[in-house]
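User: Hello! I am new to this structure and would like a guided look at it. Could you take my questions one by one?

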Amino acid sequence: MPAPSLCLFAAEPLDRCSDARADPDWIAARLADPESLLLPLYKGDPLVSGDAPVWLATAARAEFPADAPVVFLGVARGRAHFALDASAAPSPESAPFAGIGRYAPLREAAGFFSDDALAVAGQARWLLDWHRRHRFCAVCGAPTDMADGGAKRRCASCGAEHFPRSDPVAIVLAAHGDACLLGRSPHFPPGFLSALAGFVEAAETPEACAARELKEEAGVTLTDVRYQFSQPWPFPSSLMMGFIATAADRSLTLDRREIEEARWLTRDEIRALLAGERREDARLPPRFTIARRLIERWAESL
């Protein structure tokens, strides 16, 4: 079993069985196995009871529409795990089995799920969302069918295969001396500050993206960009690659379309906020985000 990951959503508690899942008979046998488990999600939000996801026997599929998409997630302790899309229901309250729990927003569940449960729920959300949005072939436009237990889609018309996408994002915490740069985009609430980030463009490295984004959004020149760790981010399909970088100076020129405000906070200020100090003008990202982990790592460094 892999060691616990620094970032949430990044644990790997399941064996994805890449070879076995290509056999539709093997998938069918796992679905028919009374020991296999099924997690229903409503528009990406898992069924929850207490502080844990609700795993049903796969026989519970009979309570959902016959065409409800089901994807294979992996195997743990000899039991296959599947996810089912319950989004056809008019509301989460009316979806099957809502009476034994609730379909909780995944961002909310991130506050109380275990690392393993959050990683599996994130994988389920990612896959089901991708299948909802990629029902047609990008090559010829014909409908596609799920294959390999949901690990890909195949076009019966032209034979093209399509795989779940990951959108690479560079997220960077810039530092200068004993201060780091945090900013707020226009869609963040007042006072909510985070590391700056942007999507990696075609033929661009994540390090080059980090330097470009800081220059474009904040006018900051980076002299050293150091990779730290990565995090899958299933909202809907990003792979966040985290960096800590050294800035040439503290001058700022903000692109107001992207950044509403940005400022340098000292290490003492950051440590106080991490310790629980409440400030209306400065609130850090929640602990399940890679931005928070970058801030913690920098604050703990000498």
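Here are some questions and answers about the cores, a sheet, a strand and a pocket.

User: What kind of model is this, and how are residues numbered?
Analyst: Numbering runs from 1 along each chain as its sequence is written, and side-chain values use heavy atoms, with hydrogens and water left out. Local features need pLDDT of at least 70, side-chain atom pairs count only at pLDDT 80 or more, and totals for chains, interfaces and linings use all residues, since the model is predicted.

User: Which element gives the largest share of the largest nonpolar core?
Analyst: A nonpolar core is a set of buried Ala, Val, Leu, Ile, Met, Phe, Trp, Tyr and Cys residues joined through side-chain atoms within 4.5 Å, where buried means under 20% relative accessible area, exposed over 50% and partly exposed in between (1.4 Å probe, protein chains only). In the largest core, of 37 residues, Leu173, Leu182, Ile270 and Trp298 touch the most other members. Elements that each supply at least two residues include α3 (115–133), β11 (167–176), α5 (267–274) and α6 (290–300); helices (H or I, at least four residues) and strands (E, at least two) are DSSP runs numbered from the N terminus. The largest share, six residues, comes from α6.

User: How many residues are in the other core?
Analyst: This core lies apart from the largest one, and among its members are Cys17, Leu38, Leu47 and Leu84. Its residue count is 22.

User: Is Cys140 buried, exposed or partly exposed?
Analyst: Cys140 is found in the loop between α3 and β8 (144–147). Not counting residues up to four places away in sequence, Cys140 touches Cys155, Ser157 and Cys158, contact meaning heavy atoms within 4.5 Å. Because its relative accessibility is 39%, Cys140 counts as partly exposed.

User: Which strand pairs with β11 in the parallel sense?
Analyst: With β13, β11 pairs in the antiparallel sense over four bridges. The pairing of β11 with β12 is antiparallel too, over two bridges, and these two strands form a hairpin with two residues between them. The parallel pairing, over nine bridges, is with β15.

User: What is the volume of the largest pocket?
Analyst: On a 1 Å grid over the protein atoms alone, a cavity is a set of points where a 1.4 Å probe fits but cannot get out, and a pocket is an open set with protein on both sides within 12 Å along at least five of seven lines; lining residues have an atom within 4 Å of a point. The lining has 31 residues, of which His187, Phe188, Ala197, Trp233 and Met240 lie nearest the centre, and its largest share, four residues, comes from β13. Grid points are joined across faces, edges and corners, and a volume is the space filled by probe spheres set on the points. For the largest pocket, this volume is about 750 Å³.

Technical notes. Pairing = 2+ DSSP bridges.
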